[in-house]
Amino acid sequence: GFGRRFMAVETDDLIADVLFQIGALTAIARSVGGRVDYVKPHGALYNAIVTHEQQARAVVAAVAQAELPLLCLPGSLAQRYAAEAGVPVITEAFADRAYTAAGALVPRGTPGAVLTDADTIAERVVDLVRTGSVLTVDGDRIPVHADSICLHGDTPGAVGHARAVRAALQQAGVIVRAR
């Protein structure tokens, strides 16, 4: 399922798995002159640490041991536990995903969960940066504090979406920079 389904994993195993992956990624990055600057769990694990206490605590424990910031959804359990553990947090918003009124991502299998129109995605990101909020699938506006914007590379048209977002942000006078 490549991160698209929840997996029940014991706490110690999840901590070990996350640490192993951070170590492997760090070694790969170093081999090409790069570095790992933060940890962002992928897919179902990312979504699980929004509300699943055991997995959120395990991921935070691993990231704390790695002494890296955690990138996560604002308002998530992971954000709260990271703050309690003294782990720096980078919050993010999603350019190409729909939100519920509770601030969660609409599940991928739901119609309209993944946005695919480049202009709509670009307008959404500019609106988010300007207002600090997003429109939900119900048409309500909710606050979203985001230090970073995620745009999925596996969405059809992703390169065009990224170009449209960057151009729209630059046109709006927003400075675009890597973290």
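Contact, as the word is used here, means heavy atoms within 4.5 Å. Helices (H or I, at least four residues) and strands (E, at least two) are DSSP runs, numbered from the N terminus. The model is predicted, so local features need pLDDT of at least 70 and side-chain atom pairs count only at pLDDT 80 or more, while totals for chains, interfaces and linings use all residues. Residues are numbered from 1 along each chain as its sequence is written, and side-chain values use heavy atoms, with hydrogens and water left out.

Two packed helices are described by the angle between their axes and the distance between the axes. Axes are lines fitted to C-alpha atoms, for helices over the stretch in contact, and angles run from 0 to 180 degrees between N-to-C directions. Helix H2 (residues 43–51) packs against H3 at an angle of about 110°, the axes being 6 Å apart. Angles under 35 degrees count as roughly parallel, over 145 as roughly antiparallel, 65 to 115 as roughly perpendicular and the rest as oblique; H2 and H3 are therefore roughly perpendicular to each other. Their crossing is left-handed, a term for a near helix turned anticlockwise from the far one by less than a right angle, with right-handed used if the turn is clockwise. On the H2 side, Leu 45, Ala 48, Ile 49 and Thr 51 meet Glu 53, Gln 55, Ala 56 and Val 59 of H3. These residues divide into five nonpolar, two polar and one charged, where Ala, Val, Leu, Ile, Met, Phe, Trp, Tyr, Cys and Pro count as nonpolar, Asp, Glu, Lys and Arg as charged, and the others, Gly among them, as polar.

Helix H3 (residues 53–66) also packs with helix H4 (residues 77–85), here at an angle of about 45° and with the axes 9 Å apart. H3 and H4 are therefore oblique to each other, and their crossing is right-handed. From H3 the contact draws on Glu 53, Ala 56, Arg 57 and Val 60, and from H4 on Leu 77, Ala 78, Tyr 81, Ala 82, Glu 84 and Ala 85. Seven of these residues are nonpolar, none is polar and three are charged.

The interior comes next. Buried means under 20% relative accessible area, exposed over 50%, and partly exposed in between (1.4 Å probe, protein chains only). In H2, the residues Gly 43, Ala 44, Tyr 46, Ala 48, Ile 49 and Val 50 are buried, and their cover includes H3, S1, H4 and S2. A nonpolar core is a set of buried Ala, Val, Leu, Ile, Met, Phe, Trp, Tyr and Cys residues joined through side-chain atoms within 4.5 Å. In the largest such core, of 23 residues, Val 59 and Leu 70 touch the most other members. Helix H1 (11–31), H3, strand S1 (70–72) and H4 each give two or more residues to this core, and H3 supplies the largest share, six residues. Apart from this core lies another, of 12 residues, among them Leu 73, Tyr 99, Val 134 and Ile 142.

Two single residues complete the tour. Thr 100 sits in the loop between strand S2 (89–94) and helix H5 (118–131), and at 23% relative accessibility it counts as partly exposed. The C-alpha atoms of Thr 100 and Asp 138 are separated by 7.4 Å, although these residues are 38 residues apart along the chain. His 161, in helix H6 (residues 158–171), counts as buried at 3% relative accessibility.
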